[in-house]
Every structure is written in C-alpha cells, then in structure tokens.
Amino acid sequence: MYDLTVIIPTYKEEANIRNIVTEVDAVFKRNNLNGEILVVDDNSPDGTISIVNEIKKTRPNVNIIVRLVDHGLSQSVAEGFVQASSDILVVIDADLSHPPALIPVMYTEIMDGNDIVIGSRYMEGGGIKKWPLKRRVISLGATFLGRLLFPDVSDPVSGFFAVRKSVVAKAALKPRGYKILLEVLGKGTWEKDKEIPFEFVDREIGSSKLKLKTIVEYAQQVIDITLFSFLHHESAVWREWKRVFKFGLVGISGIVVNMGLLWYLTEFVGLYYLVSSLFAIELSILNNFIWNDLWTFKAGASHKLSSRLHRLISFHVVSAGGLVINMGILYLLTSVGGVYYLISNIIGILVGFGWNFMVNRRVTWTRK
Ligand code: GDD
Ligand code: MN
C-alpha cells in the first residue's frame, strides 16, 4: 500500500510525460514518501504510452491505465480515483503547469485532517503566468459560477488538488468536461477543505484542448450539482442552502423589529415617523447582524472582538448597498417601466436579498 497516489491524466503528452513523472518521483524521494504515480491515458496516438511503459521498467511505483472508451479528462481522473492503490489522491496536469513540489504539502494537509486540499490560483500568493486575456476571462467566469456554489473556495475549478479517497469512494460522480474538482466538491462527502496558493504556468509544449463545448458542459455541470444538492442533504451545497434559509429567516425577524419599533417610537414616544424609521432601520440591522453572526454563520466562538467589529461594519455597508438596490429597482420598474409598485418591490426585495446574502457571504463572513 502506498502513502499517496498522484494521478496524471494525459492525452498526447509525449513531450512532457517523462519530465512530469521523473519530477514527481523525485519529490517522493526527497520527502521520504512512498508514492504511486498513476498515468491515466486516453489511448494517445503519440508516444505517451510507450514512454510510460519504458519508465515503468525501472520504477515499479509507476503505473498506466490506457482507456479505450468514454474519452475525457474528468472521466480519466474519475477512473484514476477508482484504480488508485492508496487512500490519498492527488491530481496534477502532465504539462508542468502545476508545481509537483507542493505535493508533499497537500499530503501533509490531508494527514492533518483536511478532506480536500486545493491548489489555488486565485488567493494571495497564487497566480497565472502567460495566459491570453481570453482564457483569463473564461476562467474568471467559470470561477465566479463555481463560487456561487462554494463561496469559501477561491479556485473551485483548479486542476491541481488532493482528496481523501473516502470523499469520492461512494460519490455519484458524473464526470464530464474539464472541471472534475467542481464535481468532487459538489457530490463528494467532505467537511474540511484547505487551499494553498500556487502559480499556474501555461504549457511550454503542445497545446491546450479547451473548446467551446467545454464551457457548455461546465454550465450543465453547475446546474446538475445544484439539482443534486436538493436531494442530497449531506452535500456541501446543501449546507449552503441552509445558510440561505437561515439568512432569510433572520431577514424576516428584522422586518418584525423594524415595523415594531417604527410603530412604538411613533405612537408611544411621539417621534416624527421618519425619525422613528431611522432608529428602526438601525436596530433591525443590528438584530440581523447578531443572529447571522451567532447562528447563520456561527462565527461567534472563533473570532476576536475586533474582527466582530469588522464584520459589523462590513454588514452595514453591504446592507446599505442592498437597500439602494431594492429602492433602485422599485423606482426603475415602477417610474420608468410602469410596473405595479408592489410587484416591483417584491423583485427589488429578492434582488436585494440575493446581493445581501452573496456579498456578505464572500466579504463579511468569509473564512479568511
Ligand atoms: N486522459 C485524458 N483525456 N487527459 C486529458 C484529456 C483527455 O481527453 N484532455 C486533456 N488531458 C490532460 C492533458 O494531457 C493534461 O495533462 C491535463 O489533462 C490538462 O490538459 P490541458 O489541455 O493542458 O488543459 P488546460 O491547460 O487548458 O487546462 C488546465 O487548466 C484548468 C484550469 O483552468 C487544466 O489544469 C485543467 O485541469 C484545469 O482545470
Ligand atoms: Mn495545460
């Protein structure tokens, strides 16, 4: 049994395969790791397979699967998950875009109790070298969509990650397209994840195989994972829905506080109703903050007072933005578009709610 298995999906990588395999193996040796290298190839018509077979002769920890059906990157990685002979799986590209030196770091993080460790291009210390603008834009779009499902993950479409086998062993993965990590996050069974930054270096040799079809498949995958989450309440995306639901309940409690105070201050304290409203709004924001901080996002125990103050200020700013969005939509739909004002207001409330949840989730209650 090996300590870990490094899965390398390949298609036509004769120019890179020897370098990546020997480099990963050197990293194993330097770090005293008993590692397996599993190349998963889609029957490349070039020299990839024969080169691996040759390397195998002197390195018994190197293996190759040659697939003849169901061609595809994600499918190949999923097959690697099944065939790997260890409990810790690392996925890395063959074209040296991912630094093998991080493999031991990922391994240690998994040993320390993380279920998934992601090499991130989009956190401090990470980056991308030599990508044309078009690819950057596509990647950022995909990342944005992915973050709607996994707001804590900065790079949910990274191709470089480690995962405990138990996360994917029983998962109903429907691998397709390029983004196997998103599938693992959406359908795997996991609690703790960790990201480590790395710099993605585009391939020197050969060409990328990303096509328009890849983008379409990605959109389908996001929808599929969303539907999956409704039926599988142990999934990470369902945990996110629970937060949306709690955030909504807290919002309703805020309306009660707001209305009650407006009424009380106006009727019994004798304040002018607009003055009452100022107090009512502020108190309802405070009410919502406390409930969200202690309940929806359970940030209470693990944070210092100073960071709570930060979150309180952040929540105020974001909520003010939500209010502007709500009223802006009300005004535009009704005064410009002629929509009945109560209908406009419902739309305004929903969009404002979406803004409040998503921005607060990413900014106020982010894990970093
Ligand atoms: N088995 C198999 N089958 N492997 C494939 C296939 C396939 O159909 N297509 C690509 N690969 C392998 C390549 O040989 C390489 O090792 C790796 O998958 C990545 O392929 P590239 O074509 O170099 O991908 P890329 O550079 O455009 O995409 C990278 O960036 C994405 C993040 O934006 C990859 O790292 C992706 O994994 C990553 O998600
Ligand atoms: Mn590449």
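The following legends describe close-up views of a predicted model.

Local features require pLDDT of at least 70 and side-chain atom pairs pLDDT 80 or more, while totals for chains, interfaces and linings use all residues. Residues are numbered from 1 along each chain as its sequence is written, and side-chain values use heavy atoms, without hydrogens and water.

**View 1. The largest nonpolar core.** This core (buried Ala, Val, Leu, Ile, Met, Phe, Trp, Tyr and Cys residues joined through side-chain atoms within 4.5 Å) has 34 residues, and Leu4, Val6, Val21 and Ile103 have the most contacts inside it. The largest share, five residues, comes from α1. Apart from this core lies another, of 31 residues, among them Val91, Ile118, Val222 and Ala236.

**View 2. Helix α8 (residues 212-231).** The 20 residues of α8 reach 30 Å from first to last C-alpha, close to the expected 28 Å (1.5 Å times one less than the number of residues). Buried residues (under 20% relative accessible area, 1.4 Å probe, protein chains only) of α8 include Tyr218, Val222 and Phe228. Their cover includes α5 (133-149), α7 (180-187) and α9 (236-267).

**View 3. Ser319 in helix α11 (residues 305-336)****.** Ser319 counts as buried because its relative accessibility is 12%. Its side chain reaches the backbone oxygen of Phe315 at 2.6 Å. Leaving aside neighbours within four places in sequence, Ser319 is in contact (heavy atoms within 4.5 Å) with Ile285 and Asn356.

Definitions and conventions:
Chains are lettered from A and ligands numbered from 1 in the order in which they are written. Helices (H or I, at least four residues) and strands (E, at least two) are DSSP runs, numbered from the N terminus. Buried means under 20% relative accessible area, exposed over 50%, partly exposed in between (1.4 Å probe, protein chains only). A polar contact is a pair of N or O atoms within 3.5 Å; within protein, one must be able to donate a hydrogen and the other to accept it, and residues adjacent in sequence count only if both atoms are side-chain atoms.
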